[in-house]
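Work through the exercises below with the model open. Try each task before you read its solution.

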Amino acid sequence: MAADSVLKVIFELDGVFIHPGADEGGTDQDLLLSGSLRILEKDAEVLVEYRPLEDSVDPSNMLCAGQDSSSVVEWAQSPRDKSQSHQLLETQQSYETEWDMVNAVSFRKKPCANGEGSLSHSQGRSRWAFSVSVSDLRSITVKDEGWTFLILHLKEPSAPLPALHFHQGGSREFLDSLRRFSLLTESPGDQTCLLVSTPNKVLSQSFENLLDDNNFGLVHRFQRDPYVATLGGLSKVTNYIFDALRGAEEQQQRPPEEVADLLGEVIPGLEINQQEEPGFEVITRIDLGARPQVSRTEPLTADDWSKHLDAEGRLQGVEELRNKIFKGGLCHAVRKEAWKFLLGYFPWSSMSEERKSLQRAKTDEYFRMKLQWKSVSEEQERRNSRLRDYRSLIEKDVNRTDRTNRFYEGLNNPSLTLLHDILMTYCMYDFDLGYVQGMSDLLSPILFVMENEVDAFWCFVAFMDQMHQNFEEQMQGMKTQLLQLSTLLRLLDLAFWNYLESQESGYLYFCFRWLLIRFKRELNFQDVLRLWEVMWTGLPCQNFHLLVCCAILDSEKQKIMEENYGFNEILKHINELSMKLDIEEILQKAEGIFLQIRSCKDLPHSVSTILGFTDCHGSAPTKPGSAAALRPTRQDVCSNGLCRENRPPNSCRAEFTS
């Protein structure tokens, strides 16, 4: 006898209702059927199953909130001990709190004439039960009528499935569990419609192997938490993707469009245009000439800094000062003051008294925002799921951010409290973005340098203005930067770029972590401080951090190509570079690459746009090594060229849709 099929329950929720009368316009419009909703795994197939329970429910026998009033209306409530009812109300945990009171009352079975109730109810239950495969789902409609209800739509034409009403909450948990086995993306034309797509079988099994019962799906975590998902899951899942792309015959490669489609399943919203548009710029091999040798200088000292201050505290020779910082960085004693200028918290032209006045105003503004979340009561927070989620993520991240650094080590460290409070206050400052994991890594060095809560907050705000798009849900900034990096690498070393393409690594996703948090996890803490202050000068060009990436890859290309590294080996090798990089050597090479590109007469327009070499009049390149060569052609350029107020239009030809 064959072994019984193994049935695994992924998700189960009782108290999910259907409204039979309302769905088909029947005479008994008030009839409700309560049932159990489950997500099951059986024989390597994932199913959504609904089974009605024994008794139908009539709303005329329950307590509910009046739709047009804040009062509670009682219709034939069943007797119940008040203390028990109160206890149930307090312990109910759901997102749709308006219907929590449903659990505090009893239900009565509707009387049935001629003793036929049991039979008719049984027939009704079997009629409304269903079980469908997740792979057969086309879309899910999500609507709100004081509670959430979902309608599942199948790919093949068939009788419509009944709407599932979550009067007692649980709709979000159901959708989160479903995301473990499928991609749910909002329909472009209908915000209430989630399109369902399931990866191919190999990818589905690979995703499943990366998950455990206590986690969300990888893709869902990637959207909510790109940093942790990248560190914890991307290096593993790319191995599975590569196996799926490679197939049984390793020597045969998939077509580029198929690779793009499969990668698009891993990063939602990514769609790479495979067709060349009119005017598409094809970069061929260009002779860039010899790469100039450059040298670094000593860090700017406190005495050097003070020489640039006049009697009123106004900085003189700002252009020269920024060049000095770019070439050598800052000694630590200067950072606390200089970073405020580099990040834009203090205007370069401000006087000492003006800066003091600005700090007083910013201090008041900060503590007003801090008071907003500090004054939220437990009762309010219980009804604010976003604030709860932000607080939970922040508390988790704070407890694991740079804990080996003496500034953050140990229990009950006041620096951790400041880190927590600044991040919570940022949620009040930017409601739309709130908190995304990885942002604590950007704040930590700033707080370390400032040693002041208010100054650290406003410097962090300025840095986040540059980095904002990296953390938005659609991650447009990350997609754009990866394409720009690919364009630059193709120009600098077409042979190396072609090699990466041949190993299906041309998308450069192994650089994702570098770009997301600006090399924070690749360098030791002091080197991060040096790199960031150099990049914040805005010199020598826009998107200098992409040239830093090119410099690292240039140093590693020989080993990668000579050892004939494949997809897995490339990813492993890049990950193992962490904490082994020499920042001064990298900055030297990156500046040399800049001068090499800048001296090219026939530079492709796309490259000029990425690096900001051309303004609206298309000015010609300046002589390499001159002061003007280290001056950006546009003022106040962000370190990634993607400031919300200053984004270059049409900076890349690849097309992304969300």
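**Exercise 1. Find the helix that holds Leu 321, then decide whether Leu 321 is buried or exposed.**

Solution. Start with the helix. In this predicted model, Leu 321 sits in helix H10, residues 318-328. Next, take the relative accessible area, which is 0% for Leu 321. The cut-off for buried is under 20%. Leu 321 is therefore buried.

Now list the neighbours, leaving out residues up to four places away in sequence. Leu 321 touches Leu 300, Trp 305, His 308, Leu 315 and Trp 348. Take Trp 305 as one of these. Trp 305 and Leu 321 are 16 residues apart in sequence, and their C-alpha atoms are 8.0 Å apart in space.

**Exercise 2. Describe the largest nonpolar core: how many residues has it, and which have the most contacts inside it?**

Solution. Count first: the core has 122 residues. Phe 471, Phe 544, Leu 547 and Ile 597 have the most contacts inside it. Then ask where the residues come from. Helix H17 (residues 453-471) gives the largest share, 12 residues. Domain 2 (302-470) and domain 3 (476-611) each supply at least three.

Beyond its neighbours within four places in sequence, its contacts include Leu 433, Val 436, Met 439, Leu 442, Met 464, Leu 516 and Ile 517. Gln 437 and Gly 438 are also among them.

Finally, look for another core. As background, nonpolar side chains in soluble globular proteins tend to be buried together.

**Exercise 3. Which residues of helix H19 are buried, and what covers them?**

Solution. Select residues 494-502, which form H19. The buried ones are Leu 494, Phe 496, Trp 497, Tyr 499 and Leu 500. Their cover includes helices H18 (476-492), H22 (544-562) and H23 (567-575). Then step past the helix. Glu 504 follows H19 and has a positive phi, near 55°.

**Exercise 4. What is the volume of the largest cavity, and which residues line it?**

Solution. Count the cavities of 30 Å³ or more: there are 3. The largest has a volume of about 70 Å³. Its lining includes Arg 291, Asp 493, Phe 496, Asp 554, Lys 557 and Ile 593. H18 and H22 are the elements that give two or more residues. H22 gives the most, with 4.

Sort the lining by class. It has 6 nonpolar, 4 charged and no polar residues.

Notes: Residues numbered from 1 in each chain as written. Predicted model: local features only at pLDDT ≥ 70, side-chain atom pairs only at ≥ 80, totals over all residues. Heavy atoms only, no water. Buried < 20%, exposed > 50% of the residue type's maximum accessible area, 1.4 Å probe, protein only. Contact = heavy atoms within 4.5 Å. Core = buried A, V, L, I, M, F, W, Y, C linked by side-chain atoms within 4.5 Å. Domains from an automatic or database assignment. 1 Å grid on protein atoms, 1.4 Å probe; cavity = no way out; pocket = protein on both sides within 12 Å on 5 of 7 lines; lining within 4 Å. Points joined across faces, edges and corners; volume = space filled by probe spheres on them. Nonpolar A, V, L, I, M, F, W, Y, C, P; charged D, E, K, R; others polar.
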